[in-house]
Amino acid sequence: MANNPDARRKFLDAASKYLLETPKKAVPEPAPFVPPRLTFSALKEIPMSRSRDRILANLEEMYTEAFRRAKETGDEAQMASLDFAYRREQLYFEILLDVRDAVERR
């Protein structure tokens, strides 16, 4: 094969065809558009799973545990930071829950 220029030429032609030419495939059709799950119509059909009281109780439980750990270590700065963060998060959740309730009523 090393002495046969035709074989070498055929090999190079096959390699360049394989590496350089793009195969002629049919262009696949794009996937059908499926809207996201949380569209307005989906929100109307799907009831919200967590109650306001459950969400706020989970938030309080999480911060109470962290506050207790900070109190055990005597970290006053961490306790103050957790207190502020809890009140801020509680306010944010109440606003979001109000928005959720308003959307549910529509």
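**A walk through the helices**

Guide: Val99 lies in helix 4, which covers residues 76-105. Keep in mind that this is a predicted model.

Visitor: Is Val99 buried, exposed or partly exposed?

Guide: Val99 counts as partly exposed, because its relative accessibility is 48%. The limits are under 20% for buried and over 50% for exposed.

Visitor: Which residues form a nonpolar patch on the surface?

Guide: Leu91, Tyr92, Ile95 and Val99 do. Together they have about 390 Å² of accessible area.

Visitor: Back up a bit. How many helices and strands are there in the protein?

Guide: Four helices and zero strands. From the N terminus the order is α-α-α-α.

Visitor: And how much of the protein is buried?

Guide: Buried residues are 12% of the 106 in the protein. The protein exposes about 9600 Å², and carbon and sulfur atoms supply 58% of that.

Visitor: What about contacts, what share comes from residues 24 or more positions apart?

Guide: 62%, counting contacts with a separation of 6 or more.

Visitor: Which residues are in the largest nonpolar core?

Guide: There are eight: Leu59, Tyr63, Ala66, Ala70, Met79, Leu82, Ala85 and Tyr86. Helix 3 (52-73) and helix 4 each supply at least two residues of this core. As a general point, nonpolar side chains tend to be buried together in soluble globular proteins.

Visitor: Pick Leu82. What is it in contact with, leaving aside neighbours within four places in sequence?

Guide: Leu82 is in contact with Tyr63, Ala66, Phe67 and Ala70.

Visitor: Which residues of helix 4 are buried?

Guide: Met79, Leu82, Ala85, Tyr86, Leu97 and Arg100. Helix 3 is included in what covers them.

Visitor: Now helix 1. How far apart are its end C-alpha atoms?

Guide: 22 Å. Helix 1 is residues 5-20, and its 16 residues should span 22 Å, so the two values agree.

Visitor: How many residues of helix 1 are buried?

Guide: Zero of the 16, so helix 1 lies largely in the open.

Visitor: Switching to charges. How many salt bridges does the count come to?

Guide: Eight. In general, side chains of opposite charge can pair when their charged atoms come close. One of the eight joins Asp98 and Arg52, at 2.7 Å from N to O.

Visitor: What does that pair tie together?

Guide: Asp98 lies in helix 4 and Arg52 in helix 3, so the pair ties together parts 46 residues apart in sequence.

Visitor: Are those two buried, exposed or partly exposed?

Guide: Asp98 counts as partly exposed, at 45% relative accessibility. Arg52 also counts as partly exposed, at 25%.

Visitor: OK, what about Glu72, which residue does it form a salt bridge with?

Guide: Arg68. The closest N and O atoms are 3.0 Å apart. Both residues sit in helix 3, four residues apart, so about one helical turn separates them.

Visitor: Why does that spacing matter for direction?

Guide: An α-helix has 3.6 residues a turn, so residues three or four places apart point the same way.

Visitor: And how accessible are Glu72 and Arg68?

Guide: Glu72 is exposed, at 60% relative accessibility. Arg68 is partly exposed, with 41%.

Visitor: Which residue does Asp83 form a salt bridge with?

Guide: Arg87, with 3.4 Å between the closest N and O atoms. Asp83 and Arg87 are both in helix 4, four residues apart, about one turn. Asp83 is partly exposed, with a relative accessible area of 38%.

Visitor: Which residues do shared partners join into one network?

Guide: Arg52, Asp98, Arg100 and Asp101 are joined by salt bridges that share partners.

Visitor: Last one. Where does Val103 lie?

Guide: In helix 4. Val103 is partly exposed, with a relative accessible area of 29%.

Technical notes:
Residues are numbered from 1 along each chain as its sequence is written. This is a predicted model: local features need pLDDT of at least 70, side-chain atom pairs count only at pLDDT 80 or more; totals for chains, interfaces and linings use all residues. Side-chain values use heavy atoms; hydrogens and water are left out. Buried means under 20% relative accessible area, exposed over 50%, partly exposed in between (1.4 Å probe, protein chains only). Contact means heavy atoms within 4.5 Å. Accessible areas come from the Shrake-Rupley method with a 1.4 Å probe; for residues, only the protein chains shown count as cover. Patches are made of residues with over 30% relative accessible area and no salt bridge: like charges are joined within 9 Å, nonpolar side chains (Val, Leu, Ile, Met, Phe, Trp, Tyr) within 5 Å. A salt bridge is a side-chain nitrogen of Lys or Arg within 4 Å of a carboxyl oxygen of Asp or Glu. A nonpolar core is a set of buried Ala, Val, Leu, Ile, Met, Phe, Trp, Tyr and Cys residues joined through side-chain atoms within 4.5 Å. The expected span of a helix is 1.5 Å times one less than its number of residues.
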